[in-house]
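I opened the model to look up a few local features. My entries follow in the order in which I made them.

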Amino acid sequence: MQITRNSSQKTATGPSEWFTGTVYVDPVATPSNGSRVGASMVHFTPGARTAWHAHPHGQTIYVTEGIGLVQRRGGPIEVISPGDRVFFEPEEWHWHGAAPTRFMTHLAMHEVPENGNAATWGPHVTDEEYGKAPPIDA
Ligand code: MN
């Protein structure tokens, strides 16, 4: 058994190559000793979002706070709320982030392959693409 204390962790900011806006990331699980589970608690400030990306083994996100947005390539932008969980299929291109006027926090869980690359990253989600989100109170 291994306890990692809250106080021993430092919250990191999401790198600008992979995110638009300000995003904070707290690691939850990192692969070790044969386990391939990776998990992070990701805090998006209003308007912040990932770039387009895909995960080799897919990904589940579980929303814990706020109001967020998700989109898969070719699909509409969907509004997500606490308690919602979203599974992105392996190699499915998508993005996730906060609504324009709300924070959003989710737990992200995925398998990390042997090469360590849990995601393939593409272009940023433009303001034009992000602006097509439906109103969050609809
Ligand atoms: Mn993802």
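I looked up N33 and found it in the loop between β3 (23–29) and β4 (37–44). Strands here are DSSP runs of E with at least two residues, and they are numbered from the N terminus. I noted a phi near 50° for N33, a positive value in a residue other than glycine. N33 counts as exposed, with 84% relative accessibility; the cut-offs are under 20% relative accessible area for buried, over 50% for exposed, and partly exposed in between (1.4 Å probe, protein chains only).

A note on the source: this is a predicted model, in which local features need pLDDT of at least 70 and side-chain atom pairs count only at pLDDT 80 or more, while totals for chains, interfaces and linings use all residues. Residues are numbered from 1 along each chain as its sequence is written, and side-chain values use heavy atoms, with hydrogens and water left out.

Next I checked E91, which lies in the loop between β10 (85–88) and β11. Its phi is positive, about 65°, although E91 is not a glycine. E91 is partly exposed, with a relative accessible area of 49%.

Which residues coordinate the manganese ion? I listed H53 (NE2), H55 (NE2), Q59 (OE1), H94 (NE2) and H96 (NE2), at 2.1 to 2.2 Å. Donors are N, O and S atoms within 2.8 Å of the metal (3.2 Å for Na, K and Ca); water is not among the atoms, so sites may look incomplete. Q59 in strand β7 (residues 59–66) and H94 in strand β11 (residues 94–98) link distant parts of the chain, 35 residues apart. I found both Q59 and H94 buried.

Technical notes. Helices (H or I, at least four residues) and strands (E, at least two) are DSSP runs, numbered from the N terminus.
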